[in-house]
Amino acid sequence: ALVLYATEERITLKYTREDNVVWGYTIHVENVCVEPSLLALYRSWNNAGRARLPALRGGQPFGRARGVEILVAIRDTGTFMDPRARQSWWLRR
């Protein structure tokens, strides 16, 4: 998952290689402590012009919850989706 955006308490991940949320799944996670070395790498590459961005492998941690609740939003092709209806995400339209 490509890291499109990161701060100390939020991260946006994209499941394609494009640096946008136009195509593919994008995950927004808030109320987390983003892993410091990942955040530093994101900031460095972002400041260098975004020719490269960090990516995570499956199961790789990106941070820890700041409290008892995190916020997650999922987008597909720019549209926000209901995470409770994930079984319908892969239906052909």
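Colleague: What pattern does the protein chain follow, read along the sequence?
Modeller: In this predicted model, the pattern is β-β-β-β-α-β-β-β. Helices (H or I, at least four residues) and strands (E, at least two) are DSSP runs, numbered from the N terminus.

Colleague: How many helices and strands is that?
Modeller: The protein chain has one helix and seven strands. Residues are numbered from 1 along each chain as its sequence is written, and side-chain values use heavy atoms, without hydrogens and water. Local features need pLDDT of at least 70, and side-chain atom pairs count only at pLDDT 80 or more, while totals for chains, interfaces and linings use all residues.

Colleague: Turning to Thr 12, where is its place?
Modeller: Thr 12 lies in strand 2.

Colleague: Is Thr 12 buried or exposed?
Modeller: Thr 12 is buried, because its relative accessible area is 9%. Buried means under 20% relative accessible area, exposed over 50%, and partly exposed in between (1.4 Å probe, protein chains only).

Colleague: Which side chain joins that of Thr 12 in a polar contact?
Modeller: The side chain of His 28 does, at 3.2 Å. A polar contact is a pair of N or O atoms within 3.5 Å; within protein, one must be able to donate a hydrogen and the other to accept it, and residues adjacent in sequence count only if both atoms are side-chain atoms.

Colleague: Now, what does Leu 38 touch?
Modeller: Not counting residues up to four places away in sequence, Leu 38 touches Val 3, Ile 11, Pro 54, Leu 56 and Phe 62. Contact means heavy atoms within 4.5 Å.

Colleague: What share of the 93 residues is buried?
Modeller: Buried residues make up 30% of the protein chain.
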